[in-house]
Amino acid sequence: APVCAANQIANTVYNENFENHNLTFSRWASASAVGPNPWYFPQTLNPYGEDDLHYATSGLWHLWGDNLSQVNDGWMEMTQGVTVPSNGNPYMRFRHSYAFEWDNAGYYDGGVLEYSANSGAWTDAAPLFTHNGYDGVINSPFTPYNPLKGRQGFRASSWGYQSTRLNLASLAGQNVRFRFRVGADGDYAYWGWFIDDVQVYTCVA
């Protein structure tokens, strides 16, 4: 995904590369509505061992949403909102890699991106994507079902890191928080969702 057009530069208002642990812990928090919480930061807090799970696209650290082998619905969210600039062209951009359980019968597990504007309800960010949005429907064909069943989402595999960009013009002037949400059915586990370099910025001439 591009950052800005060729004749523009980025004026960053929020940047999170997850290298400063104290800053990250103050900016991000995780929770679960169903089942165990699948989210980890830093990687030393996961039960699988640190060395296997350094998979950042810059630096060493990142968010990780595990694709569990049991039904769950959990998220990692920003604890503080960012005021979306009203000047220029505002965007949110992040880098991520994912591998969720799937086979020829269906796409069982997956992740979605949601936002809350001015402390309002969480809303799916799909209409805001400009580049590298969702892959398709999380159909979870067998019971016990994924709580995100039927929703568009990131599913299957990205085959490495990619970047996704959102146009925030419709949210200009509002205080916005984002959250990354993972859902799984009660079947096999897989790698999950790795997220790095989250930015909110505006493109100006």
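Here are some questions and answers on how a few labels in this predicted model come about.

Local features need pLDDT of at least 70 and side-chain atom pairs count only at pLDDT 80 or more, while totals for chains, interfaces and linings use all residues. Residues are numbered from 1 along each chain as its sequence is written, and side-chain values use heavy atoms, with hydrogens and water left out.

Q: Why is serine 163 called buried?
A: Buried means under 20% relative accessible area (exposed is over 50%, partly exposed in between; 1.4 Å probe, protein chains only). Serine 163 comes in at 9%, so buried it is.

Q: What makes the tyrosine 91 and tyrosine 201 pair tilted?
A: Rings of Phe, Tyr and Trp (its six-membered ring) pair if their centres lie within 6.5 Å; planes under 30 degrees apart are stacked, over 60 edge-to-face, and the rest tilted. The structure holds 21 such pairs. In this one, the centres of tyrosine 91 and tyrosine 201 are 5.9 Å apart with 35° between the planes, hence tilted.

Q: And why is the phenylalanine 129 and phenylalanine 154 pair called edge-to-face?
A: Its centres also sit 5.9 Å apart, but the angle between the planes is 65°, and over 60 counts as edge-to-face.

Q: What makes phenylalanine 154 buried?
A: Its relative accessibility is 0%, so phenylalanine 154 counts as buried.

Q: How do you know that lysine 149 sits over the ring of tyrosine 145?
A: The rule wants NZ of Lys or CZ of Arg within 6 Å of the ring centre and within 35 degrees of the ring normal. The charged end of lysine 149 is 4.8 Å from the centre of the tyrosine 145 ring, and it is listed as sitting over that ring.
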